[in-house]
Amino acid sequence: MNVSKDVVLVIGAGPVGLVATATLISSGIPVKLIESTADLALDLRASTFHPPTLDFLDTLGIADNLVKQGLICKNWQFRDRKKGVIASFDLSLLEGETRFPFRLQCEQWKLTRALRDYIDNHPDGELITQTTAEAVGQDSDGVWVKVKHQDGSKSKHVGRFLIGSDGARSTVRKGIGIKFDGVTIPEIFLVLSTKFRYELAMPDLANIAYVSDPHEWLVLLRTLTLWRVLLPTNPEECEDSIMDPENIERRLQSVCPSSEPYEVMHKTAYRVHERVANRYVDGRIFLAGDAAHVNNPLGGMGMNGGIHDAMNLVEKLKKVWHGGSLETMGRYERQRRKVAIETVQAQALRNRAILNTSDPEQRLAYYTELQKTVNDPIKHKAYVMRSSMITSLRELEKID
């Protein structure tokens with residue numbers, strides 16, 4: 001057993017756990033970050049960074065380097081699959097509100113690599129890999145986690161506080177008996193990455209485009225080297241059929257015909273859930289990121305919301321660490337849970353509704369509303385402030 005309690009334990013080394021760890025150690029608070037895999041994931045996963053997320057990462061000195069490795073996107077679109085552009089939103093309207101008035105398209109692994117380097121080079125940070133959390137607990141002055149190592153041996157780590165950033169299937173959340181109610185979206189989401197040059201083949205295409213259609217909506221996201229295509233898929237279709245190269249080729253050809261076969265660099269299919277934990281705080285144990293809330297990816301708010309959780313949590317935990325009341329952490333729960341329900345989840349569901357509706361009158365109403373918003377400078381800025389997650393961050397400061 002590790003008997004030193006003068007440390008924060010963080011379970012899960014995804015972006016949320018890494019940000020929490022890096023921010024804590026930058027403030028002189030020692031952290032043990034426990035991760036079940038041998039190395040940090042290098043797959044594509046999330047790719048959209050909103051402006052306030054970059055502002056947060058800037059406090060760690062890694063935002064500018066991330067921007068250099070990504071694609072700056074100053075506009076994004078709602079499109080109709082047949083009619084083309086419905087509304088384009090201008091993120092340069094955010095100038096003066098943030099240092100980064102754009103969305104950054106950059107693969108998640110570039111962030112995790114930068115954060116790992118930060119932690120590895122800091123004396124107060126320790127990343128423990130190939131170690132799986134099996135149980136957690138606490139008493140009046142500390143926390144503990146029982147872990148299993150790759151060789152089958154087991155041990156126990158103790159600390160003053162514990163952050164569960166271990167994903168939607170969180171061992172920490174289950175271990176402290178927190179409910180995770182919600183719904184599962186009917187479609188399976190199929191994500192394909194290809195080198196096909198959509199920007200040359202589709203007129204006036206922005207680097208981020210949400211494409212509405214009564215039969216099959218889709219999302220197009222560009223990175224420096226690839227385009228990512230998200231397609232809703234019948235959940236009754238078996239995985240082999242969904243992933244069949246001929247079916248994938250057929251679906252990509254229907255998005256944009258190509259004389260050459262599509263070169264698919266990466267493909268994944270997953271179910272999407274809308275769930276929020278009924279509590280984020282249990283004594284000295286806290287939840288953040290997907291362990292606390294999951295939502296569909298339409299709007300790019302999942303990873304961003306999780307990083308915002310981490311920054312909010314650490315801001316308050318620093319005060320508690322230095323003698324403040326543990327009740328301070330209740331405000332973290334009240335603030336971030338409200339954002340998860342009223343902003344992140346609500347915006348993601350609204351985006352899906354706009355893309356997915358098959359009723360002609362409802363589609364026209366959505367389109368008209370979007371166009372009126374874009375054509376009104378005040379409404380336009382308010383919309384990008386909200387969709388970029390700036391508004392929610394400012395409003396939560398009003399929550400005691």
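**Close-up views of a predicted model**

In strand β6, the bridge partner of F78 is A87. That pair opens a short tour of this structure, which is a predicted model.

**View 1. The β5-β6 hairpin, up close.** Here β5 and β6 make a hairpin, with three residues sitting between the two strands. Strand β5 covers residues 75-80, and its pairing with β6 is antiparallel, over six bridges. Besides F78 and A87, you can pick out Q77, which stands opposite S88 in β6. Strands in a sheet pair through hydrogen bonds of the backbone, and they can do so in a parallel or an antiparallel way.

**View 2. Strand β16 and its two partners.** How many bridges join β15 to β16? There are four, and the two strands run antiparallel. They also form a hairpin, with four residues between them. Look for R222 here: its bridge partner in β16 is W227. Strand β13 runs antiparallel to β16 as well, and seven bridges join β13 and β16. On that side, I188 stands opposite T233 of β16.

**View 3. Both faces of β16.** Is β16 buried or exposed? Seven of its seven residues are buried, so the rest of the structure largely encloses this strand. On one side you find W227, V229, L231 and T233, and on the other R228, L230 and P232; all are buried, and both faces of β16 are covered. In a regular strand, side chains alternate between the two faces of the sheet.

**View 4. A three-stranded sheet.** This view moves to an open sheet of three strands, in the order β3-β7-β4, with antiparallel pairing. Strands β3 (48-49) and β4 (71-73) are at the edges with a single partner strand each, so one side of each has no neighbour in the sheet. Two bridges join β3 to β7, and these strands run antiparallel. For a landmark, find T48, which stands opposite Q105 in β7.

**View 5. T373 in helix α11.** T373 is found in helix α11, which spans residues 360-375. Its relative accessibility is 11%, and T373 counts as buried because that is under the 20% cut-off. A polar atom of the T373 side chain lies 2.9 Å from the backbone oxygen of E369. Setting aside neighbours within four places in sequence, T373 is in contact with F89, K379, H380 and Y383.

View 6. Helix α12 covers residues 377-387, and its buried residues are H380, Y383, V384, M385 and S387. Two of these names, H380 and Y383, are also among the contacts of T373. At the N-terminal end, D376 caps α12, with a side-chain oxygen 3.0 Å from the backbone nitrogen of I378. Just after the helix, M389 takes a positive phi of about 75°.

**View 7. E97 in its loop.** Where is E97? It sits in the loop between β6 and β7 (103-105). E97 is partly exposed, with a relative accessible area of 25%. Leaving out neighbours within four places in sequence, E97 is in contact with K381, M385 and R394. M385 is one of the buried residues of α12. From C-alpha to C-alpha, E97 and T23 are 23 Å apart in space, and 74 residues separate them in sequence.

**View 8. The second largest pocket.** Residues lining it include T23, F56, H308, R336 and E397. Which helix gives the largest share of the lining? That is α9 (residues 302-321), which supplies six residues. Also in the lining are M311, N312, V314, E315 and K318, along with L393 and L396.

How values were computed: Residues numbered from 1 in each chain as written. Predicted model: local features only at pLDDT ≥ 70, side-chain atom pairs only at ≥ 80, totals over all residues. Heavy atoms only, no water. Pairing = 2+ DSSP bridges. Buried < 20%, exposed > 50% of the residue type's maximum accessible area, 1.4 Å probe, protein only. Polar contact = N/O pair within 3.5 Å; in protein donor to acceptor, adjacent residues only side chain to side chain. Contact = heavy atoms within 4.5 Å. 1 Å grid on protein atoms, 1.4 Å probe; cavity = no way out; pocket = protein on both sides within 12 Å on 5 of 7 lines; lining within 4 Å.
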